[in-house]
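Have the sequence and the 3D view ready as you read.

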Amino acid sequence: MAPINTDRTRLPEKADFIWLFFKTSGRVSRAAYFLGGLLVALVQAFPLYRFTLVPEGSAESNMWSFVFFLTFLASLWSNIVLAVKRLHDFDKPGIAALVLFVPVVSIVAFLVLCLFPGQAGPNRYGSRTNAPADR
């Protein structure tokens, strides 16, 4: 296991970003969930923005729509992973993240995940927030 980054002036390691956006183990805080989701949304918005700037039906338009599709797939997984880890912070199973695919209910679920604090102290998904589960 990699050492914990305690220097707040240093950027996180590459492995931390991979864990945050692509692995379902561990827990994340409200801030990490919200900011991670915001970063995913910004990454997803860039190819969509570029797509709107090029002529419709052009080769460049096709290329940007394909890039957007790939970005959408990666961001969909990242949003699911963030929600699973946020649910883990509530000591709830990650399968409950499927609620985020139900219209209207998803808005309420998102607000709950962003606004309510998780379980204080260790739980079955890890000893602390913003870290992978203990091995």
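## Who touches Tyr33?

Leaving aside residues up to four places away in sequence, Tyr33 touches Val28, Leu82, Ala83, Arg86, Leu100, Phe110, Leu113 and Cys114. Here, contact means heavy atoms within 4.5 Å. A quick word on the source: this is a predicted model, where local features need pLDDT of at least 70 and side-chain atom pairs count only at pLDDT 80 or more, while totals for chains, interfaces and linings use all residues. Residues are numbered from 1 along each chain as its sequence is written, and side-chain values use heavy atoms, with hydrogens and water left out.

So is Tyr33 buried or exposed? Tyr33 has a relative accessible area of 7%, so it is buried (buried is under 20% relative accessible area, exposed is over 50% and partly exposed is in between, using a 1.4 Å probe and protein chains only). Tyr33 and Thr129 are 96 residues apart in sequence, yet their C-alpha atoms are 11 Å apart in space.

## Two helices side by side

Tyr33 lies in helix 2. Helices are DSSP runs of H or I with at least four residues, numbered from the N terminus. Helix 2 (residues 30–53) packs with helix 3 (residues 59–89) at an angle of about 170 degrees, and their axes are 8 Å apart. The axes are lines fitted to C-alpha atoms over the stretch in contact, and angles run from 0 to 180 degrees between N-to-C directions.

Helix 2 and helix 3 are therefore roughly antiparallel to each other, a label for angles over 145 degrees. The residues of their contact divide into 14 nonpolar, nine polar and four charged (nonpolar: Ala, Val, Leu, Ile, Met, Phe, Trp, Tyr, Cys and Pro; charged: Asp, Glu, Lys and Arg; polar: the others, Gly among them).

## Ring pairs

How many aromatic pairs are there? The count comes to four, where rings of Phe, Tyr and Trp (its six-membered ring) pair if their centres lie within 6.5 Å, and planes under 30 degrees apart are stacked, over 60 edge-to-face and the rest tilted. One of them is Phe17 with Phe21, a stacked pair at 6.5 Å centre to centre and 0 degrees between the planes. Phe17 and Phe21 are four residues apart in helix 1 (residues 14–22), so about one helical turn separates them. Phe17 is partly exposed at 38%, whereas Phe21 is buried at 9%.

Then there are Phe68 and Phe72: their ring centres are 6.4 Å apart and their planes at 35 degrees, so this pair is tilted.

Key: Parallel < 35°, antiparallel > 145°, perpendicular 65-115°, else oblique.
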